[in-house]
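These are my notes on a model I went through today.

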Amino acid sequence: MTDLTKLTLAEARDKLKAKEITSSELTGAYIKEMEGARALNAYVLETAEKAAEMAKASDARLQKGEGGPLEGIPLGIKDLFCTEGVRTTACSHILDGFTPTYESTVTSQLWRDGAVMLGKLNNDEFAMGSSNETSYYGAVTNPWKGKGEDKALVPGGSSGGSSAAVAARTALAATATDTGGSIRQPAAFTGTVGIKPTYGRCSRWGIVAFASSLDQAGPITRTVKDAAIMLKSMSGHDPKDSTSVNQPVPDFEKALTGDIKGLKVGIPREYRVEGMPEEIEKLWAQGIDWLKAAGAEIVDVSLPHTKYALPAYYIVAPAEASSNLARYDGVRYGLRVEGNDITDMYEKTRAAGFGAEVKRRVLIGTYVLSAGYYDAYYIKAQKIRTLIAQDFKQAYEKVDVLLTPTAPSDAFGIGEKTDDPLSMYLNDVFTVTVNLAGLPGISLPAGLSTRGLPLGLQLIGRAFDEETLLRTAGVLEEAAGFNAEPDAWWRA
Amino acid sequence: MSVDQNTVRHIARLARIAVTDEEVAPLAKELSSILDWVEQLGEVNTDNVEPMASVENLALPMREDVVTDGNIQDQVTKNAPGADDGFFAVPKVVE
């Protein structure tokens, strides 16, 4: 690893502005790391040439003392974000060769601010998964391994390429998306920071849709400060997404004051689930102590409908997915398998183009939306969502932020949970409530498991109060002092 | 089992996904286990609860009803597996 890839995003930004380093040097170092880490399968498309060109243009701007907030910073982009002229497939066979003629709003804002694209990152097919194993391009391997183990572990999902790339230092930061935990759980599994902002904070325009009422973009980074910097560039109102909220974007970096004296932190008792490993309990208790020591007041709160969040999610998300994925029919883009007539062509194309998990969810969604079942399933689930949102509202009358574990375990092995969809779904037990209520949540690395793998803590904030979330996360990060790194076994 | 094999064939047809005979039985089992698991929502009394329509209860914004885009037929059909003369080409639909 070169010294350049040791820098955080904030440090690199400052050195670029001070002309101590150039983007071409920094980007060159990352291209080398990216190309040397193919064993991880984090990238599904490398765009080294484009990166070198963008870095050169950034250097020209930096030389003149110009340049945006992310000028010259090399990023990886999750393959769910449409990138103009650069293949975008959501890691599905059905989008084979799809090359957008437009740019997603979020990525266009990153380029507006001067960032450099290294390539497209692997994810679960259409973001449906918690381990990055459903990708058409194959699983991503977590850079981390258990102490004395050689077993390949998952990097979490669906943003597994993003989390692995940032953890292995093959991208300075990455974009990601989160529908049920897809930013926060991979961050927890790889010792990185991931923030899912409030629903409506980032435009969804140009991001391949999974479940539209839950999907949100956000960054995966090495530090809380880096997350604040990335989030500012990614956020903002976009008339092209009618659910994007027209509110000013705060300077999130300024929120990191390190001062949480008097802050009220809620500990939801329902998150103490049966069978939770003792080391997760311990880490949670440690987090409580850190916040107390920093002057926060700890308050016991109840979110009584927590246990219904996952089953409600597995109605709402597949229902919306079955509707969103209706567009993949072999006519407008991607794969086409010829048939005897048009219906036969649709059915054969979708049978060949979708993987097993996507089919499962489309079929569940079709079932719960079909005649006679809509009220019993979809409307019922949307009512449960109201109750879950009310739980949070009541909690926030007493507290400013909530602290929970991010995931119920450390990273598991590739292939360990693929035979049992339900056990895979349980990964999202602590994260999915946040999507259903539309709130912001952040995961940060807080310690290592007994196997030597990263564990994350999650903070959940009030809607549009990412500032308190980041401020509290900054304090936890400082207290945890997490600086462990995986051994670079993947380097070619 | 809440979903039998005929139901799998029916919803696969609705979803326009071809399923083979070998796929039907395992799918029926998987879908049933997921649907049986979500049945626990029945425990919750939701009689006077409004279904959640949006996160922040914001009214959808209105905009001027004007053309803001267009004349990009080449871009629209650029990724189509079958495109002809600016149109999407599909198998014959009308006999």
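I call a residue buried if 20 or more other C-beta atoms lie within 10 Å of its own, exposed if 12 or fewer, and partly exposed in between, with C-beta atoms placed from the backbone. This is a predicted model, in which local features need pLDDT of at least 70 and side-chain atom pairs count only at pLDDT 80 or more, while totals for chains, interfaces and linings use all residues. Residues are numbered from 1 along each chain as its sequence is written, and chains are lettered from A and ligands numbered from 1 in the order in which they are written.

Entry 1, backbone angles. Ala90(A) is not a glycine, yet its phi is positive, about 55°. Cys91(A), also not a glycine, has a positive phi of about 55°. I found Cys91(A) in the loop between S2 and H4 of chain A; helices (H or I, at least four residues) and strands (E, at least two) are DSSP runs, numbered from the N terminus. Cys91(A) is buried, with 32 C-beta neighbours inside 10 Å. Ala90(A) is buried too, with 29 other C-beta atoms within 10 Å.

I then looked up a cis peptide bond, which runs from Gly157(A) to Ser158(A) with omega near 10°. Ser158(A) sits in the loop between S3 and H5 of chain A.

Entry 2, H5(A). How many residues of helix H5 (residues 160-167) of chain A are buried? Eight of the eight are, so the helix is largely enclosed by the rest of the structure. I checked what covers them, and the list includes strands S1 (43-46) and S2 (74-78) and helix H6 (184-190) of chain A. Just after H5(A), Arg169(A) takes a positive phi of about 60°.

I count two residues as in contact if their C-beta atoms, placed from the backbone, lie within 7 Å. By that cut-off, 50 residues of chain A are in contact with 38 residues of chain B. On the side of chain A that touches chain B, H12(A) gives the largest share, 10 residues.

After H1(B) comes Arg16(B), with a positive phi near 55°.
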